[in-house]
Amino acid sequence: MSREDPEKQSSPLLDEYHDIESVSGPSSPSPLEDKTFQQFTLDAGILSNQVYDSLGNLYKSTSNNTGKTGFFLSLFPSFLRARDESKPKRRLHPTSYLDGLRGVAAFIVWFHHFVVIWAGFLMNGWGSLEEGSNHILQWPFIRIVYSGRGMVTIFFIISGYVLSYKSLRQIRNRQFEGLLDTLASATFRRGLRLFLPIAASTFLTLIVFRMGYYVAAPTNPTEQSSLLLQIYDWFWNMVLLSNPTNGIDGNSVYADPYGYQLWTIPREFRGSFVIYLSLLGLAKTTQVWRLITLSSMVFYCLYVVQWDLFLFLIGMLFAEFQFIREDPNMAGKLHALSRFVPEPILKHKKTIMHTITISMAILAIHMLTFPDELASTSPGFYWMHYWTPEQYDNVALIQKFWLCMGSVLLVLAMNFSPGTSSNPTPVLQRLFTTRFAQYLANISYSIYILHNIVLYTVVCRMYWYWRDMSIGWYTFGFVESLVVYAMITFWLSDVFWRLVDDKSIALAKWVADKCFVE
């Protein structure tokens, strides 16, 4: 989330699903599903040889040495290549921790879906009435490493922050002509930025599905009688997916059969439009009235169960607060107010802030680990049912309410976390400013839209192969499958990020430049 170009740093959208039974194996195998793991491995080997031969022919037919080298290098993961010293190192910005948070959250979602297949019982709350719900890995806090659903709420907050940052700066500087250009460009490009990579990823799903490799996903595509009809089916599902009015209430979701995890995309699309419209409507308001109006919109959306819009708008509100904190005039006013604060508090201000922010983060993690199943009978969570607003009146909405509260608390805690005398980087931000977290931020959108292809072509078959074996061999299969899943997903996401995702951003900007008047 660079301050220099926040629009370019789009947040990834994570996923959830409610039907986990279908991953235990196909109940009535179709011709597309009737492949053993060994046969799949043999077919994959033949296919990889064909691809290798095709790439080799392409290499031979290319006369430009730079083009040849560049093409093959593009298929080599960026994290295994020597860094180009001629390019400047990526600088960390005050909000780089949000980029890292986005990347780590994408990683958690990636692992969440793997765990659902291999250890679905972990979705139950610890100590609930279900048999086998007393495993140490089900404990609160420990389960944060696979609590993927809470990550969706975090990314909607980051989206609201990123999409509003540049425009809020222009509003505060009264650059209204520049604001119009920013909002026009952002609104025009938003659909292209979201859906061009998804068109590529879902078409890849179509290919592997037609080849018989894509099986057991919660929403498999319907097999058509010909490739042309399958492409037609894929196209119309893309049309449905690009409808921003899908999921207009807190309950309904649209799960694309070529990527069921993409149910968040229509919500991201309309959330973006709500942010842009809010910025336009509040452009000429004073700071006080902007805060009052925006805060009212935030609480209104929460009250009427528009939990996703609540998250987008509170992200925008956090961006506004960030500008207020950085305003030199405001700093002077806050300093003047400090004379009313007792001396012992001022003396131990940093210690107090550490205590408050770490406590907030602990409570936030507890909320973000709200179990997918049987939370109402799980110690540490059942009391939360009684404190849930009555309009959140079913199991899914109760969970979403507390996930929203957890994500808000976590981002607030990280934002106000102080540094230490030896390291000025805020304590709660350090994990998310590491090189690995920043790299995850780069490939996070690609991980989100691609990982289920790997999951339902490779991982499911490995699970079916190992599931009936002894606990020792099952554990070995778990680890083996996780390693394969990681290797393929990270390689594919890295290549997709550079060849498709980044290029989609550039293409959207090029189209806007061609269509807009000078």
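How many helices and strands are there in the protein? The count comes to 16 helices and zero strands. Keep in mind that this is a predicted model.

Here's the protein as a whole. Of its 518 residues, 50% count as buried. The protein exposes about 25000 Å², and carbon and sulfur atoms supply 65% of that area. As for contacts between residues at least 6 apart in sequence, 77% of them join residues at least 24 apart.

Now for a pair of helices. Two packed helices are described by the angle between their axes and the distance between the axes. Helix 3 (residues 96-118) packs against helix 15 (residues 435-466) at an angle of about 5°, and their axes lie 8 Å apart. Angles under 35 degrees count as roughly parallel, so helix 3 is roughly parallel to helix 15.

| Residue class in the contact of helix 3 with helix 15 | Count |
|---|---|
| Nonpolar | 19 residues |
| Polar | eight residues |
| Charged | two residues |

Helix 12 gets a closer look too.

Which residues of helix 12 are buried? They are His354, Thr357, Ala361, Ala364, His366, Met367 and Leu368. And what covers them? Helix 4 (149-172), helix 13 (382-386) and helix 14 (395-416) are among the elements that cover these buried residues of helix 12.

Key: Residues are numbered from 1 along each chain as its sequence is written. This is a predicted model: local features need pLDDT of at least 70, side-chain atom pairs count only at pLDDT 80 or more; totals for chains, interfaces and linings use all residues. Side-chain values use heavy atoms; hydrogens and water are left out. Buried means under 20% relative accessible area, exposed over 50%, partly exposed in between (1.4 Å probe, protein chains only). Helices (H or I, at least four residues) and strands (E, at least two) are DSSP runs, numbered from the N terminus. Contact means heavy atoms within 4.5 Å. Accessible areas come from the Shrake-Rupley method with a 1.4 Å probe; for residues, only the protein chains shown count as cover. Axes are lines fitted to C-alpha atoms, for helices over the stretch in contact, and angles run from 0 to 180 degrees between N-to-C directions. Angles under 35 degrees count as roughly parallel, over 145 as roughly antiparallel, 65 to 115 as roughly perpendicular and the rest as oblique. Ala, Val, Leu, Ile, Met, Phe, Trp, Tyr, Cys and Pro count as nonpolar, Asp, Glu, Lys and Arg as charged, and the others, Gly among them, as polar.
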